[in-house]
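Thanks for making time this morning. I would like to walk you through one protein chain, going slowly over the terms as they come up.

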Amino acid sequence: MEARTAAKASPRVLVVLVLVALAALILDQGSKYLVVTTLKPDEVVPVLGDLLQFQFVKNPGAAFSIGNAYTWIFSILASAVTLFIVWFARRIRSLGWAVVFGLLLGGVLGNLTDRLFREPGFGIGHVVDFLRIPLLPAIFNIADSAIVVSMGLFLILTVRGIGLDGSRPASPGDESRELEESSSASQAENS
């Protein structure tokens, strides 16, 4: 009976995952549309002085333009990640994990959309990057940011020991307290 309940998807969590993914995808594609229609390639526009600048570039590769000749492989990998998240989503019952997978899905779909529908062609399109900050040697986009934030949240939830169902392992103090309580109960029964 418990196994059947554990396999049942939480509608609330799935709605959060989908809404977060849609928000990330819409923000990403909307910002890229504005960049493509208003900036010239390699044009630099200061937004917050040197702290944040917009610079429109087309990236055929992955992070730091790695793998420029293998854009089609990134398209296949992004498609596989998307399918995995959709398949895996029914196992998630924690709102925190729904946000993690929603951000990841929205980010992956944002860059996959570019790879599928931008020049030079289907599956090999170049990703639009435009965010530039002095702390990083790369220019990135909202989809990249969503993926990075999802990985940060992934680490936080993992370190805190929060499971996909929202459960946490008992702390060592809880286990010793339970042992003391069961020991006291056993002594009371024997008396």
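Let me begin with a definition: a residue is called buried when its relative accessible area is under 20%, exposed when it is over 50%, and partly exposed in between, using a 1.4 Å probe and the protein chains only. What you see is a predicted model, in which local features need a pLDDT of at least 70 and side-chain atom pairs count only at pLDDT 80 or more, whereas totals for chains, interfaces and linings use all residues. Residues are numbered from 1 along each chain as its sequence is written, and side-chain values use heavy atoms, with hydrogens and water left out.

The pLDDT, the predictor's confidence in each residue on a scale from 0 to 100, averages 86 over the chain, and 80% of the residues score at least 70. Over residues 1-6, however, the pLDDT is below 50, and beyond near neighbours in sequence this stretch has one contact in the model, where contact means heavy atoms within 4.5 Å. Where pLDDT is low, the predicted coordinates should not be read in detail.

Now to the overall layout. The chain has six helices and four strands, where helices (H or I, at least four residues) and strands (E, at least two) are DSSP runs numbered from the N terminus. Read from the N terminus, the order of the elements is α-α-β-β-α-α-β-β-α-α. Of the 191 residues, 32% count as buried, and among contacts between residues at least 6 apart in sequence, 66% join residues at least 24 apart.

Let us go inside. A nonpolar core is a set of buried Ala, Val, Leu, Ile, Met, Phe, Trp, Tyr and Cys residues joined through side-chain atoms within 4.5 Å. The largest such core has 19 residues, and Leu-17, Ile-92, Trp-97 and Phe-101 are the ones that touch the most other members. Helices α2, α3 (71-88) and α4 each supply at least two residues of this core, with the largest share, nine residues, coming from α4. If we leave aside its neighbours within four places in sequence, Trp-97 is in contact with Ile-92, Phe-154, Leu-157, Thr-158, Ile-162, Gly-163 and Leu-164. There is also a second, separate core of eight residues, which includes Leu-39, Leu-52, Phe-130 and Phe-140.

Next, the charged side chains. A salt bridge here is a side-chain nitrogen of Lys or Arg within 4 Å of a carboxyl oxygen of Asp or Glu, and a search of the whole structure finds three of them. In one, Asp-28 pairs with Lys-32, the closest N and O atoms being 2.9 Å apart; because these two residues are four apart in helix α2, they are separated by about one helical turn. Lys-32 also meets Asp-114 in a salt bridge, at 2.8 Å from N to O, and this pair links distant parts of the chain, since Lys-32 is in helix α2 and Asp-114 in helix α4, 82 residues apart. Asp-114 in turn forms a salt bridge with Arg-118, at 3.0 Å from N to O. Is Asp-114 buried or exposed? Asp-114 is buried, with a relative accessible area of 1%, whereas Arg-118, at 23%, counts as partly exposed.

Please look also at Ser-75, which is found in helix α3 and counts as buried because its relative accessibility is 5%. Apart from its neighbours within four places in sequence, Ser-75 is in contact with Leu-112, Arg-115 and Gly-123. Ser-75 and Arg-115 are 40 residues apart in sequence, yet their C-alpha atoms are 6.3 Å apart in space.

Finally, two points about the backbone. Most residues other than glycine have a negative phi, and most peptide bonds are trans. Asp-42, in the loop between α2 and β1 (44-46), has a positive phi, near 70 degrees, and counts as exposed because its relative accessibility is 51%. Glu-119 and Pro-120 are joined by a cis peptide bond, with omega about 15 degrees, and Pro-120 lies in the loop between α4 (95-117) and β3 (127-132).
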